[in-house]
Amino acid sequence: MTHVTAVLERDADEQVAAAARVVATLLGADTSTLHLAEVDQSDRAAAVLEALTAAGTVGAALTARGPHPVCWDVITHVDVPLLVVPEHSERVLGGLARVLLPLDGSVETAAAVSGVARRALQEGASVVAVHVFDASTVPAFWDQPAHTHRHWTGEFLRRNLPEPVELDLRSGRPAEEVLAEADDSGADLVVIAWAQDLGAGRAATVRRALTAGRTPVLLVKT
Amino acid sequence: MGGVVPLLGRTAGAMILGWDGAPVSAGAEPVGPFRCRIARLSALGVHVAVAGDRTTTAIDDELGLRPTGPGRLLLAGDSGRALAEVTSCGPVPVGQWRSASDHSDSLRMVLALLDGVGVAGELVVALGADIGRLARLHDARVVVVPEPGGAAGVLALLDEQLDRAERLRVPGVARDPRWTVVERGADPARHRVTESLFTVSSGGIGVRGSVEDSPDYGHPLVVAAGVYAGAEVADGLLHGPDLIDVRLDPPVSDDVRVLDLRTGVLHRDETRADGPPLRSLRFASISEPAVLAMRVEAGAGRLQVPVGPATETEWRATGSAYGGIGAVAEQRAERAGAVESVQCLVAMDRSPRGRARPGRAHRRLARASVAGFERLLSAQRAGWSDRWDRVGVTIPDDPETELRLRLALFHLWGLSGAGRELAVGARGLTGHGYSGHVFWDADAFVLPALATIDPAAAAAMVRYRLNRLAAARTRARADGLAGARFPWESARDGDDVTPTAGYVGGERVPILTGPLEEHITADVAWGVVHHAAWCRPATGLTDDEAELLRDTARYWASRLEVDPDGSAHLRRVIGPDEYHECVDDNAFTNAMARWNLRTAATLASAPPVESAAWIRAADALVDGYDPSTGRYEQFTGYFGLRQLLVNELAPAPVAADVLAGRDAIAASQVIKQPDVLMIHHLLPEAAAPGSLAPNVDFYGPRTAHGSSLSPAVMASLHARAGQADAALDLLRLSLRIDLDDLSRTTSAGVHLGACGGAWQAMIRGFLGVRVSAGRLRLDPALPDRWPELEVRFRCVGREVRVRVDHDDVAVDASGALTVEPPADTRHRYSTSSGVTFAPGGMS
């Protein structure tokens, strides 16, 4: 049987435990628990990575809260989806009513999140994709607000996410706008596809979502 | 003779064979078998050229054939010194040369004649090494069978052609890179774009270039000009019945699709298959309007269609009493060894008012069925070749731009033959985009282009507006004004179908173009007058055209506001630059209104008192022109906005409002598309002398090109401003909009306004053509990257051919034509036809 691992850095972290249950439901798996309270800080990342590469592990939940969360040491090394409770999140996830999928328009991102989107829809969640226009993604032409919007969004969804989802468009800095959309829409979960690169100038949305956001983030490797 | 006969494995459009020697030694062979085969091929539309050493008369006597066509029979005789075409009256000389040691000259002419009926390259098969060598001197892609195996081999090859026709085998296309748009591979994301690009149209009906096996990522669609699903804003174009539904198992995993612009044919070739590949060919018939002809072949058992005689499908129709599209088809399947083929002739009918009529479609189908696929194809090739001979472009040093311009022309030609009235939606007949609504794109971008291509189709566009004059009057009355006001977005009835809300990026916004973008009314009048001046200057305006001109002038006269100082103003409007809404005295709107008033006073046969009032009103209208700078202020207060250039935001083209937000852009000088400069584009005579360059210099860097109409207009203006190289860059940008899907919305159809704009950039921009009082003014400006250019177009009832290089301009016309070069021209003008050059004075 497959399982989603709740990585508990303190013994009673109901946020992480609940998040693991939600992810397990989403992925059709059981839950398991990895307790790190007794593990030395310097050994925690290795312990998590070992657990998450074990057979049957299909996902994990962990937190970005606390003084030295292990998540920053493992999120760049894990193949399975990771749900991270952001640093400032106070919510205990009870289920998925609304899921937000930031899409940058690339084939890789769409491919990475489409499975999760499909399962979320099957679970009855409302799935909303969000695309943020910035200088690198702004369309060349926007001829007419009604017709162009209809054609542009329709084509974007057909190319990126064949599932029946809505698309919200925003303009600005993607990291800021994704967080704003998550707050505005009351999303229970933000699913972010990424290349697991935390190098300079990379993964701004992931960094921002984990350090400034309030909505749990499911990281999916592209 | 004898031996193994090498069959071609392809369908020829023309065959050239040696007659007195290899491969056929006529004197030594019975002629009868050749005679009957050539006659049958000719009846199928295959052209045959026979090259011999004896005189054409001697060859003709021996062959004794009077083919009824449509395939032509050419005789190259007298060792290449003479060429004749055999008609029902016998051989008619078409070429003679004083000396020739071989058939080089005559074959060159044969190939030229074949090219003239759309048969070139791989469609031409030369039988025999000598003939083939000579033919290849003139066309490297001619297929040569060097050793056809003597007379028996030639007969077998002729039989193969007849058999391929009988077995419904799929013909090929000539893959000339200057004429073919090629798509390789099955990319689902790109597929819907190519469906738009590969639309074929005829008789006012467009069939998107969907593949036969209908993958779920495709968007197959049939639409018809002016046929809408209903009267509501969101109804849009009616979707016609599905015409192409070939079951294919397994489906195609990889293919090459070729749109042959030269012949108006779409071809598909599977590139990875176990067994015989899928091939298909389709075209919207040029000779039988509203008929689609299609063939598909694949390995036996893969096409799930029963082999057997032709059957007629049931009448299928969509729509209602509001409007309808219907189709009936004749389908037939054949098997040839391991290959099965299906042929489908689809005849359609459309009705903008009421249901489609099956009787008309059945009559079309009957005609198409009698003609047969091969003859329809032969007529298709010849018809398109004729179109390109009359209207086209040749840019020897820029094949990419040349091809893209040809694709733009192809889609504009697709509007031909739609009947007396033609509604041209923003995406034409290539998709559902913009709900098929008719914008100013139609009047200011497509119509002027179509007037140079197909004056009858342009006249039908004018008729669409004339027939909606009553609705325009009703709108003006509803606004408490006189005359006629045309809607910003129009569909079947001429009521305003502009949506009232939409999104700029993700920002929900009210759409104000319906109530405020009033220049459309003058644009419509401009289109009507421009068409008359361009196409039939001798006859002037018709009564109903004059009526439209009068009523639009009356609208403006009642619409403008006169201040105490006597100045007249148009307040609360939107100009072409839709980034700035609800502005006062938009220079373009005012200039167009002024033109409308003045032109009506001159041409519309209005009562003298009313005409005089119009002149006074026009004179009183402000236009924001500042003689000290040579600039027009786009609208009152524009110069006081935040000074911002587009490249401070992002490289153009860019939807600046999406990127930076509507309010920020509205507070700046960044504009969506040429606005002031549209005065120079549409009304060059009305613009202040010498004002083009200062306004190009000022507004160019502020233009985001956030409208797909923008780059082509700016290309034209840059060319006129003496910046031909910058113009070429903009033209190329415009031509990339659909081919490279720059808008990410080409899946909804080709941007027909951009196509029209690009062609206008060639005619008005690079050639500098204007028509005044039936005379052609011509002032070419070539970019350095184009050493030479040839453009063929129609105007003032003539077919005109202009060849330009950096020193010379050669103008030829199909009839008497007066051309005015500019007084200060640096070009030498010449003609070899009936063109008269008159001293100009144009500036």
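Two strands count as paired if DSSP finds at least two bridges between them. Helices (H or I, at least four residues) and strands (E, at least two) are DSSP runs, numbered from the N terminus. On these terms, strand 14 and strand 15 of chain B form a hairpin with six residues between them. In the turn, Ala290(B) has a positive phi of about 70 degrees.

The model is predicted: local features need pLDDT of at least 70, side-chain atom pairs count only at pLDDT 80 or more, and totals for chains, interfaces and linings use all residues. Residues are numbered from 1 along each chain as its sequence is written, chains are lettered from A and ligands numbered from 1 in the order in which they are written, and side-chain values use heavy atoms, with hydrogens and water left out.

**Strands in chain B and chain A**

Strand 14 (residues 279-284) of chain B pairs with strand 15 (residues 291-299) of chain B in the antiparallel sense over six bridges. Within this pairing, Ser280(B) stands opposite Val296(B). Strand 13 (residues 265-270) of chain B also pairs with strand 14 of chain B, in the antiparallel sense and over four bridges. There, His267(B) has Leu281(B) as its bridge partner. Five of the six residues of strand 14 of chain B are buried, where buried means under 20% relative accessible area, exposed over 50%, and partly exposed in between (1.4 Å probe, protein chains only).

In chain A, strand 3 (residues 57-63) is mostly covered, with six of its seven residues buried. Strand 3 of chain A runs parallel to strand 1 (residues 3-8) of chain A, and four bridges join them. Four bridges also join strand 3 of chain A to strand 4 (residues 82-85) of chain A, again in parallel. Ala60(A) takes part in both pairings: Ala60(A) is the bridge partner of Thr5(A), and Leu82(A) is the bridge partner of Ala60(A).

**Interface**

Contact here means heavy atoms within 4.5 Å. The contact between the chains takes 44 residues from chain B and 24 residues from chain A. The area buried between them is about 2,700 Å², of which carbon and sulfur atoms give 55%; buried area is the accessible area (1.4 Å probe) that two parts lose on being put together, summed over both.

Across this interface the rule finds 22 residue pairs in polar contact, both residues at pLDDT 80 or more. A polar contact is a pair of N or O atoms within 3.5 Å; within protein, one must be able to donate a hydrogen and the other to accept it, and residues adjacent in sequence count only if both atoms are side-chain atoms. Helix 6 (188-197), strand 21 (501-504) and helix 17 (656-660) of chain B each give two or more residues to the side that touches chain A. Strand 21 of chain B gives the most, with four residues. The residues on this side of chain B divide into 20 nonpolar, 17 polar and seven charged. In this division, Ala, Val, Leu, Ile, Met, Phe, Trp, Tyr, Cys and Pro count as nonpolar, Asp, Glu, Lys and Arg as charged, and the others, Gly among them, as polar.

**Salt bridges**

A salt bridge is a side-chain nitrogen of Lys or Arg within 4 Å of a carboxyl oxygen of Asp or Glu. The table gives some of the pairs.

| Pair | N to O distance |
|---|---|
| Arg192(B) and Glu155(A) | 3.0 Å |
| Lys221(A) and Asp79(A) | 2.8 Å |
| Asp740(B) and Arg404(B) | 3.7 Å |
| Glu421(B) and Arg468(B) | 2.8 Å |

Asp740(B) lies in the loop between helix 22 (724-739) and helix 23 (752-766) of chain B and Arg404(B) in helix 8 (residues 399-413) of chain B, so this pair ties together parts that are 336 residues apart in sequence. Asp740(B) is partly exposed at 30% relative accessible area, whereas Arg404(B) is buried at 17%. Lys221(A) is partly exposed at 37%, and Asp79(A) is exposed at 57%.

**Backbone**

A cis peptide bond joins Asp249(B) and Pro250(B), with omega about 0 degrees. Another joins Ala652(B) and Pro653(B), with omega about 5 degrees. Ser79(B), not a glycine, has a positive phi of about 55 degrees and is partly exposed at 21% relative accessibility. Asp585(B) also has a positive phi, near 55 degrees, and is buried at 7%.
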